[in-house]
Amino acid sequence: MLTLASLAAKATSPYATQSLLYLPDIPRERKTYPQQQSIAPCSYMPHLQSKAALFPMTAFAINSVSHRFLLLGLSSSTTTGVLLLTEGGIKEYSVKDGYYSHRPKEKSRVDSNNENSVPKDFENIDNSNFGARSHRQSVGTTSSKQQERLQGKPNAQQQVWHDSFPRLGRSSNEILPIGQQSLEMGNNASYPGGQGIAGGLQQYTRASLAQPAQSQHRHQHPHKKQATTATLEVTYDQPPKCEISGKEAISALSRAKSKECRQQIAEVYCRHKEGQLMPDAVTRYCPIEGKANVNIQWDEDSVESFPLKPVRIAFVLVIHGRASRQFQRLFKAIYHTSHFYYIHVDQRSNYLHRQVQVLASQYPNVRVTPWRMATIWGGASLLTMYLRSMADLLAMRDWSWDFFINLSAADYPIRSNNQLVAFLSKYRNLNFIKSHGRDNARFIRKQGLDRLFYECDTHMWRLGDRKIPEGISVDGGSDWFLLNRMFVEYVINSKDNLVTNMKRFYAYTLLPAESFFHTVLENSGHCGSMVDNNLRITNWNRKLGCKCQYKHIVDWCGCSPNDFKPSDFHRFQQTVRPTFFARKFEASVNQEIVNQLDAYLFGPFPQGTLGLNSYWENVYDEPDGVASLSDTLLTYYHSFTRMGLVRAAASLQGNPNDHSCRYFPMGHPVSVHLYFHLDQFQGYLVKHHATNLATSKLEIMETWVAPKKNFELTTPPGSTFSRLQFAEVSFIYLLLGGFPVR
């Protein structure tokens, strides 16, 4: 049986190394790069072990309407594992022709201890698109301003349809008549023993949203609005039990995409209006007055003996996207045979789920959730996912764990496993969770806890106001935490008044994972175990303007932390509180900081480690199906493969009898990867099938396409500064309707 190590040794394509670098049972390898050299076209290169090698080749520009590419290399691997390189190659990138940097501008950083996701200056943010808070309005008696908005959008979109291209998309905030869309919402199952933290909503069978529109007179001035008399009417097969009133509820109904979601919104709104949804009062079981916070001792330089009975940790890894290489690197950094790893992959991330399943099959202490949910930022589904994961872990009798730690692929350890285990073993009866650090009244307003939210159609809809239950103290902060098993068992198994009503309350709450566990812990009998520290460093910089970046999925404002860079490394070493993890890291932005952390934690990399300074990220995989690609991207990828094969054939210098480098393209692309080297974007790697005309065998080829930079720098005599002499900028394709935008 082939082991991973033997596969790595046998890997002859530079593509092959990317998926084999970061698995825990592989000896650490480091990579050097061969000296630049001239490569004979279509020559065999069995010594090449990584895509990171860059070779000087004749520049070959491919001009398109909006891009210019440079063919760098085309490789082929047959079933015998022989690597074939030619001088052909291809690449597509996002938008620019001329000088382009994929990395964002360097930004100054301002640390913050308030580890939650709503902007600090939220009270100054314009939320007018979600409707005024106090204004109430009945369906069917809309204001003239709303009538103009309801009628103006169809007219405006109809004009764009005729003037530009008939495939413009609609945003999630636009009003969609029922007949124009049919998006269905899949149900997210809850943890065992329940019907979801929302308790299960009654499903109606039909809803319709009438939206009459008045056509504009052909001679009307184009910049002048016309008065209207249209009304917004919502009809149901089974009418709701109340009148739907309030601008926020009406707005949610008009923007919801599916009829099921609209029915659920109406049901939730009426239950809340009738007082059946929210608890009025909740019992507090904590005997301590005020907020408890255990002070712990921390001396990083002290050497503590390893505990006789070390704790065992259940890591819950919550991941999404396509960055499998980054996830594997995190997994290797935190892996230990004494711990357990339970991985949830987002329902929409099928490529990553396939990669994780392969990884999990190799380790007895790694499992993938048999269920998957489509969680969204700030959504109630995220809390449901955590509760269900906890219930699963408690039900696994063969996994005896002491602590629950949640991580994402953007996290990374900044202390060793031994340090973490020694620390948690010393404080095994405590719970580590970060609070907001503000007065409670302001936190409640900022976090929207006094508003009613509901999740459907992968969106959090704001439906109106609500009251905080009496009798408890609401708390919140970061949704990354370390909880001991005793508290997890209490949260999952307890049927007392506090836990039952808090699950009910937070089922209709924005960002529930940032407050549910804090509130339950502070008001329960476990309140004395609370430590106001989640043992993490988060790279918050709210002065960069993180305002309302999630409006497309939540009716509120929110932001995410920034990425760490090499200049931040000193922050991991100069901490005055216990810290063991940091976030966030993105290898597509900067991988060098992760290399520094690895060297700091595990020692220097061996010389010659493969792929150390390179990074691949998948953007298409054959099992995804070509239907997952837009027509534009599919056309690009096919063009790249064909031009690469033409370039390979051109290397034969016109000899019509030599077919060794002549191929015929077959089928659709096999995979497409973004390729970075030394934190610089290097192009696309397009793997595809082709028939070798010399052997008539089907081979897998890989074409490398890099962006061509057009710029000239001139340095005046005697000057130490350079200035830009020439730059060429082309069109940018916004994948809306196929038209170019300057």
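How do the residues of the lining of the largest pocket divide into nonpolar, polar and charged? Before I answer, a word on the model. It is predicted, with local features requiring pLDDT of at least 70, side-chain atom pairs counting only at pLDDT 80 or more, and totals for chains, interfaces and linings using all residues. Residues are numbered from 1 along each chain as its sequence is written, and side-chain values use heavy atoms, with hydrogens and water left out.

The lining divides into 20 nonpolar, 14 polar and 10 charged residues. Here Ala, Val, Leu, Ile, Met, Phe, Trp, Tyr, Cys and Pro count as nonpolar, Asp, Glu, Lys and Arg as charged, and the others, Gly among them, as polar.

Of the 44 lining residues, His320, Trp377, Tyr550, Ser560 and Arg583 lie nearest the centre of this pocket. A pocket is an open set of points on a 1 Å grid over the protein atoms alone, where a 1.4 Å probe fits, with protein on both sides within 12 Å along at least five of seven lines; lining residues have an atom within 4 Å of a point.

Phe664, Met666, Leu693 and Leu698 make a nonpolar patch of about 390 Å². Accessible areas come from the Shrake-Rupley method with a 1.4 Å probe, and for residues only the protein chains shown count as cover.

Finally, the C-alpha atoms of Leu698 and Met666 are separated by 8.4 Å, although these residues are 32 residues apart along the chain. Leu698 has 53% relative accessibility and counts as exposed, whereas Leu693, at 45%, is partly exposed; exposed means over 50%, buried under 20%, and partly exposed in between.

Notes. Patches are made of residues with over 30% relative accessible area and no salt bridge: like charges are joined within 9 Å, nonpolar side chains (Val, Leu, Ile, Met, Phe, Trp, Tyr) within 5 Å. A salt bridge is a side-chain nitrogen of Lys or Arg within 4 Å of a carboxyl oxygen of Asp or Glu. Buried means under 20% relative accessible area, exposed over 50%, partly exposed in between (1.4 Å probe, protein chains only).
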